[in-house]
Amino acid sequence: MYRDGKNPHGDGYPRGFSPFGEGDSYKKATKWMIGFDDYVNNGDCAVVADELDSYLDEKVIPRMEDFNILSWWKTNANRYPTLARIARDILAIPITTVASESVFNTSGRVIGQGLNEDPRFKVLKKEWFEGKDCLDIGCNSGIITIQIAQKFNCRSILGIDIDSNRVADAYWHLRKIVRTEHNEKRRANASRVEVIEKGDGLEKNVTAAQEEKKAISRNCSPAERNLFDIVSFKQENFVHGRDSPEKYYDAILCLSVTKWIHLNWGDDGLITLFMRIWKLLRPGGIFVLEPQPWVSYEKNRRVSETTATNFQNIKLYPKEFQEILLDKVSILFCSIGSAIGFRTVEDIGSGGLSSSKTGFNRPIFLFRK
């Protein structure tokens, strides 16, 4: 819609529209919008679950040369307040700032890969997650978090990220995936019913079709709710967060996150991360760690003054993480008064990801408590 209405000469406004005058095209757009307002106010619009669904269910507006996308969103801001704010930000093209994690970490945002094609899934086993309570630290846009719920049937999984925008993205992806799956199941079930009804014409087939229809209406909605019950997201600074005395996990993932915690909060922040993970894991639980190499630290140390300063003061290097987590070296100089002490560690990533794309060929370690 925006592409159709945008001026190809690059002034940022739809063709024929000027914000500084009221020419013929402006009057036409205004007249059209008044008519559209009447439709919005008097039309028989379907009631749907939320504004995103309502927007997606809208009829496509016919293409017209003088269409004013900015006025459309202004007029419909009361109907779609959240989407209107998004449209305002995008169409205005403001200067933006994002968290350093979002700039340099491509986890869950690899272009050209399908939802089930993240190479790290080659080394993850279903038995680690099936029927388990899981935690994904630094979930980014939530793709991997949702994939684990889908592929491995975990009992619950919580994705947390320090960036509230990434958490919003994660919930958007969750809704999109649930909606897509629901529509696919509905179409598949409808086709199956049609095949039954077009069988040999016997009464038993008609009865079977009726029963099938009843089963479809009963089962599709709970199936949709289940993924929402399993997957959740939360904005949180894990290093400074507080442990819930009643919540523990069987599996915790920390993929491509340690560098950013290390650069932003130093050695103490890194040890705090490991200690919290240790405390939150149930006995026998697993910790999946994908640490970035030191060369990656060097590339990103100047992201901010804080990261540059912490980089100079780091004493714990990624090659030592295994020994720290296995309690083979002293960590008292980090002012942490207790040990961690996982029982075993296994490198599950070096071989399985040797042919993966750049950024996903680093080692992945599996620690057991």
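## Helix 7

Eight of the 10 residues of helix 7 are buried, so the rest of the structure largely encloses this helix. The model discussed here is a predicted one. The buried residues of helix 7 are Ile143, Ile144, Thr145, Ile146, Gln147, Ile148, Ala149 and Phe152. Just after the helix comes Asn153, with a positive phi of about 55 degrees.

## Overall composition

The protein contains 13 helices and seven strands. Of its 369 residues, 41% are buried. Among contacts between residues at least 6 apart in sequence, 72% join residues at least 24 apart. The protein exposes about 20900 Å², and carbon and sulfur atoms supply 52% of that area.

The seven strands of an open sheet follow the order 3-2-1-4-5-7-6, and their pairing is mixed. Strand 3 (231-235) and strand 6 (344-347) are the edge strands, each of which pairs on one side only. From one strand to the next, the twist averages 15 degrees.

Strand 1 (residues 133-137) and strand 2 (residues 156-161) pair in the parallel sense over five bridges. Within this pairing, Cys134 has Ile157 of strand 2 as its bridge partner. Strand 4 and strand 5 also pair in the parallel sense, over six bridges; there, Leu253 has Val288 of strand 5 as its bridge partner. Strand 5 is mostly covered, with seven of its 10 residues buried.

## Helices packed on the sheet

Which strands does helix 7 touch as it packs on the sheet? Helix 7 (residues 143-152) touches strand 1, strand 2, strand 3 and strand 4 (249-255), and its direction makes about 155 degrees with that of strand 3. Helix 10 (residues 258-280) packs on the sheet as well, touching strand 1, strand 4 and strand 5 (281-290). The direction of helix 10 makes about 155 degrees with that of strand 5.

## Loops beside the strands

Most residues other than glycine have a negative phi. Asn140, which is not a glycine, has a positive phi of about 60 degrees. Asn140 is placed in the loop between strand 1 and helix 7, and it is buried because its relative accessible area is 2%, under the cut-off of 20%. Ser256 also has a positive phi, near 55 degrees. The loop between strand 4 and helix 10 holds Ser256, which counts as buried at 4% relative accessibility.

A further loop, between strand 3 and strand 4, contains Glu236. Is Glu236 buried or exposed? With a relative accessible area of 16%, Glu236 is buried. Apart from its neighbours within four places in sequence, Glu236 is in contact with Ile160, Asp161, Ile162, Gly241 and Arg276.

## Aromatic pairs

A pair of aromatic rings is described by the distance of the centres and the angle of the planes. With a limit of 6.5 Å between ring centres, the count comes to 20 aromatic pairs. In one of them, the rings of Trp72 and Trp73 have their centres 4.8 Å apart and their planes at 85 degrees, so this pair is edge-to-face. Trp72 is buried, with a relative accessible area of 3%, and Trp73 is buried at 11%.

The rings of Trp294 and Tyr317 also form an edge-to-face pair, because their centres are 4.7 Å apart and their planes stand at 75 degrees. Trp294 lies in helix 11 (residues 294-300), whereas Tyr317 lies in the loop between helix 12 (305-313) and helix 13 (321-325), so the pair ties together parts that are 23 residues apart in sequence. Trp294 is partly exposed, with a relative accessible area of 22%; Tyr317 counts as partly exposed at 30%.

## An aromatic cluster and charges over rings

Phe274, Trp278, Phe287, Phe321, Phe342, Phe365 and Phe367 form one aromatic cluster. Over the ring of Trp278 sits the charged end of Lys369, 4.4 Å from the ring centre.

Arg276, one of the residues in contact with Glu236, places its charged end over the ring of Phe238, 4.2 Å from the centre of that ring.

Conventions:
Residues are numbered from 1 along each chain as its sequence is written. This is a predicted model: local features need pLDDT of at least 70, side-chain atom pairs count only at pLDDT 80 or more; totals for chains, interfaces and linings use all residues. Side-chain values use heavy atoms; hydrogens and water are left out. Rings of Phe, Tyr and Trp (its six-membered ring) pair if their centres lie within 6.5 Å; planes under 30 degrees apart count as stacked, over 60 as edge-to-face and the rest as tilted. Buried means under 20% relative accessible area, exposed over 50%, partly exposed in between (1.4 Å probe, protein chains only). Helices (H or I, at least four residues) and strands (E, at least two) are DSSP runs, numbered from the N terminus. A charge sits over a ring if NZ of Lys or CZ of Arg is within 6 Å of the ring centre and within 35 degrees of the ring normal. Two strands pair if DSSP finds at least two bridges between them. Axes are lines fitted to C-alpha atoms, for helices over the stretch in contact, and angles run from 0 to 180 degrees between N-to-C directions. Contact means heavy atoms within 4.5 Å. Accessible areas come from the Shrake-Rupley method with a 1.4 Å probe; for residues, only the protein chains shown count as cover.
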